[in-house]
Amino acid sequence: MPAVKWLMHWHPNPGATLNSQILAEACACAESLGGSKDGRWKTSIIFYRAMARDGASAAAAGGGGPPQQHSEVPRELLGVALHERPGLYFSILRAHRLVLQADSAFPQVMEKLQSYKARVTLNFEGFQYQLGDFCLRIGKCVPNNSETLRGIMMEVEYYPLSSIEKSRAVMEDFFDIWQETVAKKSLPGHFIHVESNFSEYGLSDHYSFQHTAVQYATCLQQLMAAVRPQ
């Protein structure tokens with residue numbers, strides 16, 4: 001069973017912009033706490049938009065108005081490819097509070113069925129640090145094939161526990177220590193942990209990869225609202 005994770009994102013101060021120096025300072029904080037660099041990691045999120053059906057397109061061509069989606073087909077879908085599970089693919093329907101697990105070939109299946117079309121891909125990538133019972137992954141959020149910085153985030157994984165509630169006190173204590181360490185750098189902002197409502201997705205207290213996928217969706221939503229790229 002996967003270990004518990006918290007995802008946190010960088011929230012700039014009012015008027016502050018985002019830059020790669022903040023990412024470098026965050027990595028330096030991990031090392032100052034005794035973290036040892038342990039390779040790179042990358043997680044991707046893909047935005048999909050539902051495609052119009054042939055019947056709807058034909059109706060539009062005959063003067064019946066613009067193409068319409070079937071009411072039961074969600075307009076948007078998020079695909080999540082996690083770094084630690086390359087053989088799996090997670091789909092999130094936020095409007096319906098559903099998270100589904102499938103084979104990594106799922107995107108190709110959707111493309112062949114012409115049900116959803118990939119619109120935007122965002123990559124979360126950076127360095128991994130081992131720190132006692134913790135693993136820290138600090139990285140940037142950038143569009144595919146681009147270096148435009150859209151956000152900075154980090155994963156904190158606590159190996160000994162898979163219960164969200166039982167690990168809460170330990171994670172809160174670590175987060176406090178991390179905030180104090182970052183504050184010493186006098187950077188124009190701070191990290192925020194926004195807790196996902198896992199129960200809305202039917203997820204239990206026992207942590208799973210679906211929990212991570214939902215956290216990435218929450219983190220991404222917060223990044224898009226908070227960050228002004230430089």
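## Loops and backbone angles

S186 is exposed, with a relative accessible area of 65%, where exposed means over 50%, buried means under 20% and partly exposed lies in between (1.4 Å probe, protein chains only). The model described here is predicted, so local features need pLDDT of at least 70 and side-chain atom pairs count only at pLDDT 80 or more, while totals for chains, interfaces and linings use all residues. Residues are numbered from 1 along each chain as its sequence is written, and side-chain values use heavy atoms, with hydrogens and water left out.

S186 is placed in the loop between helix 4 and strand 9 (189-192), and its phi is near 55 degrees, a positive value in a residue other than glycine. Most residues other than glycine have a negative phi. Q114 also is not a glycine and has a positive phi, of about 55 degrees; Q114 sits in the loop between helix 3 and strand 6 (116-131) and is partly exposed, with a relative accessible area of 49%.

## Overall fold

The protein contains 5 helices and 9 strands, which here are DSSP runs numbered from the N terminus, with helices (H or I) of at least four residues and strands (E) of at least two. Followed along the sequence, these elements give the pattern β-α-β-α-β-β-β-α-β-β-β-α-β-α.

Of the 230 residues in the protein, 47% are buried. If a contact means heavy atoms within 4.5 Å, then residues 24 or more positions apart account for 70% of the contacts with a separation of 6 or more. T181 belongs to helix 4 and counts as buried at 13% relative accessibility; when its neighbours within four places in sequence are left aside, T181 is in contact with C29, S32 and L33.

## Nonpolar cores

A nonpolar core is a set of buried Ala, Val, Leu, Ile, Met, Phe, Trp, Tyr and Cys residues joined through side-chain atoms within 4.5 Å. The largest such core has 56 residues, and F124, L136, I138, W178 and F191 are those that touch the most other members. Helix 5 (residues 209-226) gives the largest share of this core, 8 residues. A second, separate core has 9 residues, including I46, Y48, L77 and Y89.

For W178, not counting residues up to four places away in sequence, the touching residues are A26, C29, A30, L33, L136, I138, M154 and F191.

## Aromatic rings

A pair of aromatic rings is described by the distance of the centres and the angle of the planes. Here the rings of Phe, Tyr and Trp (its six-membered ring) pair if their centres lie within 6.5 Å, with planes under 30 degrees apart counted as stacked, over 60 as edge-to-face and the rest as tilted. A search of the whole structure finds 7 aromatic pairs. Y89 and F106 form a tilted pair, at 6.1 Å centre to centre and 40 degrees between the planes. Because Y89 lies in strand 4 (residues 88-93) and F106 in helix 3 (residues 106-113), this pair ties together parts that are 17 residues apart in sequence. Y89 is buried, with a relative accessible area of 4%, whereas F106 is partly exposed at 25%.

The pair of F134 and F174 is stacked, because the ring centres are 4.5 Å apart and the planes are at 25 degrees. F134 lies in strand 7 (residues 134-143) and F174 in helix 4 (residues 164-183), so parts 40 residues apart in sequence are tied together. F134 is buried, with a relative accessible area of 12%, and F174 counts as buried at 8%. Ring pairs also link W10, W178 and F191 into a cluster.

## Charges over a ring

A charge sits over a ring if NZ of Lys or CZ of Arg is within 6 Å of the ring centre and within 35 degrees of the ring normal. K37 lies over the face of F127, at 4.1 Å from the ring centre, and the charged end of R40 sits over the ring of F127 too, 4.5 Å from its centre.
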